[in-house]
Amino acid sequence: LGGRNIGDEYFDAHAELNFRDRDVVAIGPVVADTADMFDAFWNSVLARPVTEFGNAVRAGDMQSRATQAAADSARIAQLYGALPQDGAAGLGHVADSIEAMRWAPARLVHDNPPSDAALADTSITQASAAALGEVAAGAREEILIESAYLVLDQQSVDAMRALHARGVRLRALTNSLASNDVTANHGAYARRRDAILASGVELHEMRPDAASCRDLVLNGSACGKGHVFGLHAKTFVFDRRTVYVGSLNLNLRSRFLNAESGLVIESPELAAEIAADI
């Protein structure tokens, strides 16, 4: 689970624009919860088979697409190394991954497929945002925010001010205008930037030419002048003990409109690592 979309720019494979993103891989009981959530969306009345959209491939296009896919696979292998070539190698890779995992309690927080009532009333805070709000309300020392989009209404700004007033340090990393892939989102954020700062939040914005790109993006040739390095991660660290990694930005779309999901993990060790990474 996490914030990553499926596209070259989310896997360090784009020639011009690449995003810093964050995912968490989980095993154990939370997997069944995630599967149930997925099935609820897959089987909802709003889901449609892709064939309804009429994008069938003509027979004459198949060879050119196969050739392109082979070239893309070779390029990805140069970045990441070759994928396991058979079942035994795949199982070995999974075993190595499990050995490297950190064991901690985790719970899935997610929104449900929208009902008719939810579609009719978009002023209700979604379940994911409400759950994170409860975790934030219990913070005593620090909240660290990594959010690609940071669009707060007055209620959110007031909540930040109240947290700051009782001694909670608030720090946020988001995109600058130049690293943001949605200009409208940045416009909404920029209008509130002074108010956010006045509430006590320490703001940091990602540079599109950040030097850290070469350390964080496998495709180093896509860093530097003429390229864009942006932020797409959605991560919250509470008191260096609790971590949220998921799809929820700290913005109004995630709070009221979107269907979001993520894991809330209770792990001081993981929280410290992620905080240092941010």
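Among contacts between residues at least 6 apart in sequence, what percentage join residues at least 24 apart? After that, please take the aromatic cluster of Phe236, Phe238 and Tyr244 as the part to examine.

Analyst: The model is predicted, so to speak of local features requires pLDDT of at least 70 and side-chain atom pairs count only at pLDDT 80 or more, while totals for chains, interfaces and linings use all residues. Numbering runs from 1 along each chain as its sequence is written, and side-chain values use heavy atoms, without hydrogens or water.

The figure is 74%, for contacts in the chain between residues at least 6 apart in sequence that join residues at least 24 apart; a contact means heavy atoms within 4.5 Å. The chain has 10 helices and 9 strands, which are DSSP runs numbered from the N terminus (helices H or I, at least four residues; strands E, at least two). Its radius of gyration is 20 Å, close to the 19 Å from the globule rule for 278 residues, so the chain is as compact as a globular protein of that length. That radius is taken over C-alpha atoms, and the rule is 2.2 Å times the number of residues to the power 0.38. Of the 278 residues, 37% count as buried, where buried is under 20% relative accessible area, exposed is over 50% and partly exposed is in between (1.4 Å probe, protein chains only).

Now the aromatic part. The whole structure contains 4 aromatic pairs. One of them joins Tyr10 and Phe19, which are stacked at 5.2 Å centre to centre with 20 degrees between the planes. Tyr10 and Phe19 are both buried. In the requested part, Phe236 and Tyr244 form a tilted pair, 5.7 Å centre to centre and 55 degrees between the planes. Rings of Phe, Tyr and Trp (its six-membered ring) pair if their centres lie within 6.5 Å; planes under 30 degrees apart are stacked, over 60 edge-to-face, and the rest tilted.

Phe236 is buried at 4% relative accessible area, and Tyr244 is buried at 0%. Together with Phe238, these two residues make one aromatic cluster.

Arg240 belongs to the loop between strand E7 (234-238) and strand E8 (242-246). At 35% relative accessibility, Arg240 is partly exposed. Its phi is near 55 degrees, a positive value in a residue other than glycine. Most residues other than glycine have a negative phi.
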